[in-house]
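Hi,

Here is the structure I said I would pass on.

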Amino acid sequence: MEKALLSVRKLHKEFEGNTILKSIDLDVNRGEVIVIIGPSGCGKSTFLRCLNGLEDIQGGEIYLDGKKLQKNAKNISSVRQKIGMVFQSYDLFPHKTVLENILLAPVIVQKRKRAETEAEAMALLEKVGLADRKNDYPRQLSGGQKQRIAIVRALIMHPEVLLLDEITAALDPEMVHEVLQVVLNLAKNGSTMLIVTHEMTFAKAIADRVLFLEHGEIAEESRNPKAFFEMPGTERARQFLKSFEY
Amino acid sequence: MQSLGIDVLFKGTNFLRLLSGLWVAVRISLISVSISILVGLIVGVLMTSENRILKAVFRIYLEIVRIMPQMVLLFIVYFGTTRVFGWNLDAEIAAIFVFSFWGIAEMGDLVRGALISISKIQYESAMALGMNGKQVYYYVILPQTIRRLIPLSINLITRMIKTTSLVMMIGIVEVLKVAQQIIEANRRSSPNAAFGIFAVVFLLYFLICWPISRLSVSLEKRWS
């Protein structure tokens, strides 16, 4: 069997005495798109945040490319360069232009040459349809545009895995589509992604595998998303999916 | 129309005397403002601390500064300490102490406000890009803090400069005191000098504060 790109073993997370994640095991293969769904408070966002060290974990291990994640500064920085993340709130740096937002990390963290990186940034901006906004400041952009820039800012680091944490949850409905289209294209081009979302149609279309999380545990896992969304195996997942129907 | 009393300005060295009085006011302001900014930055960072005792101490400090008129503080420090502690403070030192005591508290509070107004997600998104702690502060947090801080601190600076006119009350011969002396000395020959000379003092304060507040406006525009 192919060696997993990202492996999680018995991940355990507590916060102020409450257990948030209980002994989670997961192997993510290269090129795989995993969608994580579940009721709010089930720990799905926390799970993503543990993977790039934004949250401390109280037990278990995380391996990227067979190397264990350590919490020391040097290791965590190199891990974060390999595991990109996009957040729910558009988190661009407000004092920098679109292009500066994108170039900051590759230039100061990865010490890449500005000129080459800028060419790559422009190519990526072209792909998300925002090349003409390169000199705008975030406040001049719509939510959907900001979120597409945030995706480009993560992509330019050449991450091996991309974590998307409810990236359309704060968007107006008409902007959701333009952002999800970008993510669909990434999936087509073979990006490895872990996606937390409430967009069930999107989840069904993009997922190679679906995880249903509840009370900090993987309550159901399916490698056949079509079947899962038609007819989940567990009663809890059925109930959850039903809550999206009108 | 009555004479405006401007002529007194050009008698003898009057204008030069006014300017040297202005320099005293500017000197006290400059030193106090510099101390306030430097120490205020540190105090501001400490004010965001979770430590309860530290928080309470700064809270009380800030309230004292806000409630007590600067003149009362000046009197306590200059006159009060002489008898109680036997300190023979130089008036200018006392003034700088009071103005710094005031400035540090207000500057600290501005820094605290600017720091906590930056959302946690700014730190996290910078860290998620692999930046280390120093890089996060230097490239992401500080530029945003300073942008929020500059218009507010310039307002504080101009207020401090204007308020230095109080130091004549503890015997410092600054621009307003010099103006009074000139007016008194020319009471007979130019009884209207009060208008002309005080108008010139007004103009001098204006010339100092106006460029500073213009700077703030233009920075605000550029960064808004």
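Let me start inside chain B, with B:Leu18. Leaving aside residues up to four places away in sequence, B:Leu18 touches B:Leu9, B:Val175, B:Val178, B:Ala179, B:Ile182, B:Ile197, B:Val200 and B:Val201. Keep in mind throughout that this is a predicted model.

B:Leu18 belongs to the largest nonpolar core, which has 51 residues. Along with B:Ile28, B:Ala95, B:Ile172, B:Val175 and B:Ile197, B:Leu18 is among the residues that touch the most other members. Several helices of chain B each put at least two residues into this core, including H1 (14–47), H4 (91–116), H6 (133–163) and H8 (193–223). The top contributor is H4(B), with 13 residues. There is also a second, separate core of 49 residues, and A:Leu103, A:Met175, A:Leu180 and A:Ala187 are among its members. As background, nonpolar side chains tend to be buried together in soluble globular proteins.

While you are in chain B, take a look at B:Thr81, which sits in helix H3 of that chain. B:Thr81 has a relative accessibility of 7%, so it counts as buried. Again not counting residues up to four places away in sequence, B:Thr81 touches B:Ile76, B:Gly86, B:Trp87 and B:Leu89.

Now the interface. How much area do chain A and chain B bury between them? The figure is about 1800 Å², and 62% of it is on carbon and sulfur atoms. On the chain A side, A:Phe93, A:His95 and A:Ile108 lose the most area to chain B, and together they make up 31% of what that side buries. Chain A brings 25 residues to the contact and chain B brings 18 residues.

For polar pairing across the interface, I have six residue pairs in polar contact, with both residues at pLDDT 80 or more. From chain A, helix H2 (73–82), strand E6 (83–86), helix H3 (98–108) and helix H5 (143–155) each supply at least two residues of the side that touches chain B. Sorted by class, that side of chain A has 13 nonpolar, five polar and seven charged residues.

The rule finds one salt bridge between the two chains. It joins the side chains of A:Arg49 and B:Glu124, at 2.6 Å from N to O. Both residues are also part of a network of salt bridges that links A:Lys13, A:Arg49, A:Glu55, B:Lys120 and B:Glu124.

Over all chains, the whole structure has 26 salt bridges.

- A:Asp91 with A:Arg153: the closest N and O atoms are 3.0 Å apart. A:Asp91 is in the loop between E6 and H3 of chain A, while A:Arg153 is in helix H5, so the pair ties together parts that are 62 residues apart in sequence. A:Asp91 is buried, with a relative accessible area of 1%, and A:Arg153 is buried too, at 3%.
- A:Glu235 with A:Arg238: the side chains meet at 3.1 Å, N to O. These two are about one helical turn from each other because they are three residues apart in helix H9 (residues 235–242) of chain A. A:Glu235 is partly exposed at 45% relative accessibility, and A:Arg238 is partly exposed at 30%.
- B:Glu184 with B:Arg187: the N to O distance here is 3.2 Å. B:Arg187 is partly exposed, with a relative accessible area of 49%.

Last, some backbone angles. With 52% relative accessibility, A:Lys10 counts as exposed. A:Glu16 also has a positive phi of about 50° without being a glycine. A:Glu16 is in the loop between E1 and strand E2 (18–28) of chain A, and at 69% relative accessibility it counts as exposed. For context, most residues other than glycine have a negative phi.

Cheers

Note on methods: Residues numbered from 1 in each chain as written. Chains lettered and ligands numbered in written order. Predicted model: local features only at pLDDT ≥ 70, side-chain atom pairs only at ≥ 80, totals over all residues. Heavy atoms only, no water. Contact = heavy atoms within 4.5 Å. Buried area = accessible area lost by both parts, 1.4 Å probe. Salt bridge = Lys/Arg side-chain N within 4 Å of Asp/Glu carboxyl O. Polar contact = N/O pair within 3.5 Å; in protein donor to acceptor, adjacent residues only side chain to side chain. Helix = DSSP H or I, 4+ residues; strand = E, 2+ residues; numbered from the N terminus. Nonpolar A, V, L, I, M, F, W, Y, C, P; charged D, E, K, R; others polar. Core = buried A, V, L, I, M, F, W, Y, C linked by side-chain atoms within 4.5 Å. Buried < 20%, exposed > 50% of the residue type's maximum accessible area, 1.4 Å probe, protein only.
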